[in-house]
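Please look over the structure shown below before reading this report, which takes up a few local features in turn.

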Amino acid sequence: MLQDKAQLSFEDKWPGMRPIILKLLQQEPVTQKEWQDLFYSVHLTCLWDDKGPPKVRDALKDDIMNFIKQAQQRVLAHEEDQALLKAYIAEWRKFFTQCNYLPTPFRQLETSLGAKVMPVAKKPTTEESIVRKLMLDSWNQSIFCDIKQRLQDSAMKLVHAERNGEAFDSQLVIGVRESYVNLCSNPDDKLQIYRENFELAYLHATLVFYKMKAPQYLEANGVQNYMKYADAKLREEEQRAQKYLESSSSSSSVEVINACCVNALVSAFKATILAECAGMIKNNETEKLQLMFKLMDRVQDGILPMLKDLEDHIVSAGLADMLASADIITQDSEKYVERLLKLFNQFSTLVKEAFNDDPRFLTARDKAYKHVVNDTSVFRLELPVKQNSGVKSQPESKCPELLANYCDMLLRKTPLSKKLTSDEIESKLKDVLLVLKYIQNKDVFMRYHKAHLTRRLILDTSADSEKEENMVEWLREVGMPADYVNKLGRMFQDIKVSEDLNQQFKEQYRSCKGNIADSISIKILNAGAWARGSERVTVSLPLELEDYIPEVEDFYKKKHSGRKLQWYHHMSNGTITFSNAVGRFDVDVTTFQMAVLFAWNQRQFDKISYENLRLATELPDMELRRTLWSLVAFPKLKKQVLLYSPEVQSPKDFDENTLFWVNQDFALVKNGKIQKRGKINLIGRLQLSTERSKEEENESIVQLRILRVQEAIIKILKMRKKINNAQLQAELVDILKNMFLPSKKMIKEQIEWLIEHKYMKRDEDDINTFIYIA
């Protein structure tokens, strides 16, 4: 046994192991038996000879160093840099391959040496193998340390040559990089040598190259060609970096070189490139803009000037377009809305094609388009700054009013709605809602839209009741206030309930009142949903109608006790038959027109003065003037219903002695021929409000805004209890943005009013902080 153990010592086994190791180092063929014998010899030596493992390691190190010295001599035999590089790479590749094979038979050595260092030895991996480390450290300390600077310089010259379009074997540069990456013995940062030498040199070479080339190219070829050059070079450099630099997860070399190229190619010429942006946007050069966007998006804050240029273009182009066609669009709400939509689609296409619908550019488009829609240079609606302030007024865009008019044209029986299909009308209504999203003073749209809906429902002129109800739901979907939308819904319900009441009333009174019961239709509407101010106009109705009113009230009281009926005559209308020598004509008139015409019912040839008409009809002065003007100067009639003298230019010029009489030659003229029968509508736009209430209407918009602001402030304070001024203003705008945008002045005034009336107070330590008073 002792003799056996003596034969297992290092000195006995090494002469048999060494030839196999040298064969492996020189990449000469090794038989399977030799390969197995090497495993067995290492195993026996490490297990049975106590001093075996260190002896094996030292002997192995000597052989490896001898092999490296021979390789070094072969490499240094080349004087020329590129030849030296090629020779080094060939030797390195051969040696690096063996770094993966040679450690395998020495696993037992790893285990034995590892057990002495750490009692619980981990099974070593190839990466952290002692033999592999020994091989790489030996290579690093000898050959690599001597020539690494020459190798690195040669590699950089090759990369420079490639940038200038010359071809070479890329493996030469890759081999140098691999040497740097694999020869670092620092276990905490294996890329340290690579980063401090190869990566730094590559970065420096890149920067120097483009600092010289980029300005030359820009000067010779101009900005637009330079952008193509920069984009191509950035892509090219990224691919080159992925090939020549370390791209493992622990390395950020590719990102570093990309940032360096962006700085050299784009950031350095940022101002020059961006100077072209405004002109490109104006000329709609989408491909060039796309390229500029791609480049500037890689530079810090590079996009901001482009966003500003886009905003400026949309505002200036939009307003210029509006002013150029102001004559047409101020008269025609259809053309105005179509113009707005054309502009919106034009700007949206630009953002899509040039900036790929990037959210930042979409936001800029929205902001600028909002400015165009709410601009007051073409259209303005004067709203008083304070209630009862008289002179002072603040201009607001008339856009919401024109949008409401356009909706009315689509939903009412008009030539426009008749020539469009149902789908086309729906599409156009959706377009209106798109523009509506950009309007600040939505409360003005609501008011006009409700007025038009009231008129359509009362006169029964809706083109499609289903579309009417759909429109209400769409308004809810685009964020209109719920209370407003709910009131519109209740208006439809009222009309349906009124139809049932009418039917019952007619059946009850047909027997005793005869035909007149069939010819009269009543609409009983809920003041909460329909109310249009408290104003009611006095008028002396024809006797037939006057007698009818108590009958309706009695009938309604039997159905609903405790409800009060108020008659709104200025919202009523009817049809009268006009007979003369020419023929018979049915004329649709308002109640006021009917009251005026009935003055001649018993004396059709008389001339009646303005003063006598005022006494007969009991109409207020302004209403009578307006009503008479509609009968003496109705634009669609060639022969008017009434004649008058002396001639005047406007209804304001009538005096109390102006005489009016029935035109006995009144007739309808079609294609130059006088018709003996026919129907004419003199109602036009049914008066839902009287002349005096136009100013009141605008004042009530302001008053409602004041109440909304107060309500929102209290709502916020109730929730927050304590809030500073800036936060209060921000939350206030957020709550009210679906109705209108409150001005800072209005917010300040309402805060002061609420403090004065003890709803809230200022913090004693900070006057910009408000506290809710319960």
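The model is predicted, and in it three strands form an open, antiparallel sheet in the order S5-S7-S6. Strands S5 (607-609) and S6 (642-645) stand at the edges with a single partner strand each, so one side of each is left without a neighbour in the sheet. From one strand to the next the twist averages 30 degrees. Strand S5 is joined to strand S7 (residues 659-662) by three bridges, the two running antiparallel, and within this pairing Lys607 has Trp661 of S7 as its bridge partner.

| Helix | Strands crossed | Angle |

Elsewhere, helix H13 (residues 286-296) has among its buried residues Leu289, Met292, Phe293 and Met296. The cover over the buried residues of H13 includes helices H9 (192-244), H11 (270-274), H12 (277-282), H14 (303-324), H16 (333-355) and H17 (359-373).

Thr769 belongs to strand S13 (residues 769-772). Thr769 counts as buried because its relative accessible area is 9%, where the cut-off for burial is under 20%. Beyond its neighbours within four places in sequence, Thr769 is in contact with Lys722, Ile723, Asn724, Lys761, Arg762 and Asp763, while its side chain makes a polar contact of 2.9 Å with the side chain of Asp766.

Definitions and conventions:
Residues numbered from 1 in each chain as written. Predicted model: local features only at pLDDT ≥ 70, side-chain atom pairs only at ≥ 80, totals over all residues. Heavy atoms only, no water. Buried < 20%, exposed > 50% of the residue type's maximum accessible area, 1.4 Å probe, protein only. Helix = DSSP H or I, 4+ residues; strand = E, 2+ residues; numbered from the N terminus. Contact = heavy atoms within 4.5 Å. Pairing = 2+ DSSP bridges. Axes fitted to C-alpha atoms, helices over the stretch in contact; angles between N-to-C directions. Polar contact = N/O pair within 3.5 Å; in protein donor to acceptor, adjacent residues only side chain to side chain.
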